[in-house]
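Have the model on screen and follow along.

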Amino acid sequence: MRPGPTGVGARKLPPGAGPLGATGVRHGSAPHSVARPLTSPPSRGLPPNGWSSLRRLPPMRDEPSPSHLPRPAPGGAAGEAPAVEIVGLFKRYGTKTAVDGLTLSVARGSVTAVLGPNGAGKTTTIETCEGYRRPDEGSVRVLGLDPLADAARLRPRIGVMLQSGGIYPGARAAEMLRHTATLHAHPVDVDTLIERLGLESCGRTVYRRLSGGQQQRLALAMAVVGRPELVFLDEPTAGLDPQARRATWDLVRELRTDGVSVVLTTHHMDEAEQLADEVAIIDGGKVIAAGSPEALCRGGAENSLRFSGRPALDVVSLLKALPVECTAIELTPGSYRITGNITPQLLATVTSWCAQHGVLPDRLSVERHTLEDVFLELTGKELRA
Amino acid sequence: MIADPTDTADTADTADTTGPADTTGPAAASEPAGTFTPRPGAAPLGRMIRAQAALETRLLLRNGEQLLLVIIIPTLLLALFSAVDIVDTGDGDAVDFLAPGVLALAVLSTAFTGQAIATGFERRYGVLKRLGASPLPRWGLLTAKTCAVLVTEVLQVALLTAVALALGWSPHGNPATVALLLLLGTAAFSGLGLLMAGTLRAEATLAAANLVFLLLLFGGGVVVPLDNFPGGVESVLSFLPVSALSDGLRDVLRDGAGVPWANLGVLAAWAVLGLGAAGRFFRWE
């Protein structure tokens, strides 16, 4: 029942930006491959060194686990379902259609960022996966299970961070995390997790007196303390200061390194670029683009190269030296712009053309499109009501 | 890493033993698993319910407003109305009339007012929603809440009994009958409290639960005998759950009566109605 690779609603799919779930297909065909997502480039697998408090922690419990426990088998043992598989999901609230035929597949072991303007249907989609909403139409499978019919079997295997709240206002931070750990069979060591998220100083503080950032980090800790296979994080860094944001990013990276699948929603494009193996841009209740951040940036909008030189250079001659899909114009006298796929090779071609023509290209700059450019291009720049 | 990763012939095996999730193979046993390497599973049900009940009890006893409601107000009422002749409580010692009524009030304050307000705000703050995604099943959560209510009631009954005895109370009757009345009363009030918490806004629940507490305090035979009211009003009031509970407790504890079937019947009817409606209409978000 896997959806076609070009899933419903994936219009404007840029070249090279495959639908989510492409890796899931590969899992099935390579039963002995690694559990790490095949899509993630090696450079994205490790946290950056810049964050001083980051430590790789020793394992909490390393006794051999009973074989009956559900666990993501390496490389997806025969028939292992994707982390999330949504096909043709519709959800309406009264006359308002929140989710409009959304199709999305999330591979095991990947970090998937769901982006979209406010009201795009992100939270409704996530909450349907978490078993909070009943689909009006379409099918939702999480770890191969129905979030509603198989809720009792699914709940222990997923971690949930709601967009806000979810914690007793009068409960102390450490008390709440310890309690959540008690509900699970093999939790992460609570003290380690508290230290890891910088919550040591507020362990005895009641939830309503925590700062917004501390509240967010506690909710994040509660989502991961049960060692789930899959975590849903709904805007995990909303309202965080830069340090706390980086601590959260590091944790998400470590989750992926340890083989946990992560689905997160965010408004921060840089966050998606930093963390996600796959990005799904949702608007109007549909997936309008999906793929790796690199593929989306490469294909969603053209990149450009600008330089200044003397006015009235022979642009036609320059254009002849460039690949056919490129354009080159003199924007204002002495200011030039080349658009197209700006590769290192193309840059070399331009500078050597300049050398041949005795031009020193001044203020040479390559302008790569960011995910934000792609996002705004796809979802529109105007504010929505 | 036991195999040369550059040895392409062994790629598949190497991948298997380095997979972060694989700690079962003999080769992988020596490789440390990550902190978050998936190992999901629910704790045993008994442990989950005990932990949830303990948490809810701690939160209740730590909450100043709740303590005021469930401990201080009943104790003060008992002491004040026993010591000062404010209301005509009929023949005999005032404390013999008041102690059963205040025990009924204690059950009302914990099972109805306190539980309704706490649960209403838990719903408002998404606590119930978040717990819905935890391994603890919903019936387990409700069981834990009931346990927390019962633990609180045991503390209340112990304290109020001690205060009443100090004031010269001489209870009669069968303790098992008293326990049965208190349990049925708890079921009736819990159903009504959860119905309110699960259907109204948290602020509305707060206001309504306090108002009902106040009205029942004076109109439910707790500190004011029902026969002080006009006949028609009295017969209507006698069907309130708190009236049935305080009247039943008084029959047993003051008058040494047997099993007060009529009162038990009224409480059972409220319990069925309240719990049934709560089960039908309770919204978790």
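Some ground rules before we start. This is a predicted model, where local features need pLDDT of at least 70 and side-chain atom pairs count only at pLDDT 80 or more, while totals for chains, interfaces and linings use all residues. Residues are numbered from 1 along each chain as its sequence is written, chains are lettered from A and ligands numbered from 1 in the order written, and side-chain values use heavy atoms, with hydrogens and water left out.

Start inside. A nonpolar core here is a set of buried Ala, Val, Leu, Ile, Met, Phe, Trp, Tyr and Cys residues joined through side-chain atoms within 4.5 Å, with buried meaning under 20% relative accessible area (1.4 Å probe, protein chains only). The largest one has 70 residues, and A:Leu177, A:Leu193, A:Leu218, A:Leu233 and A:Val279 have the most contacts inside it. H6(A) gives the most to this core, with 7 residues; helices (H or I, at least four residues) and strands (E, at least two) are DSSP runs, numbered from the N terminus. Zoom in on A:Leu193: leaving aside residues up to four places away in sequence, it touches A:Leu177, A:Val188, A:Ala221, A:Val224, A:Val225 and B:Phe36 (contact means heavy atoms within 4.5 Å). A second, separate core of 51 residues includes B:Leu69, B:Leu182, B:Leu192 and B:Ala209.

Now over to chain B. An unreviewed UniProt entry places "transmembrane region" features on this chain, among them residues 142–170 and 204–226; the positions use the numbering here, feature names are shortened, and annotations may be inferred rather than shown by experiment. Residues 142–170 of chain B are 86% helix and 0% strand, with end C-alpha atoms 36 Å apart. For residues 204–226 of chain B, the figures are 70% helix, 0% strand and 29 Å.

On a 1 Å grid over the protein atoms alone, a cavity is a set of points where a 1.4 Å probe fits but cannot get out, a pocket is an open set with protein on both sides within 12 Å along at least five of seven lines, and lining residues have an atom within 4 Å of a point. The largest pocket is lined by 30 residues, with B:Leu59, B:Asn63, B:Glu65, B:Gln66 and B:Ala118 nearest its centre. H4(B) supplies the largest share of that lining, 8 residues.

Notes:
Buried < 20%, exposed > 50% of the residue type's maximum accessible area, 1.4 Å probe, protein only.
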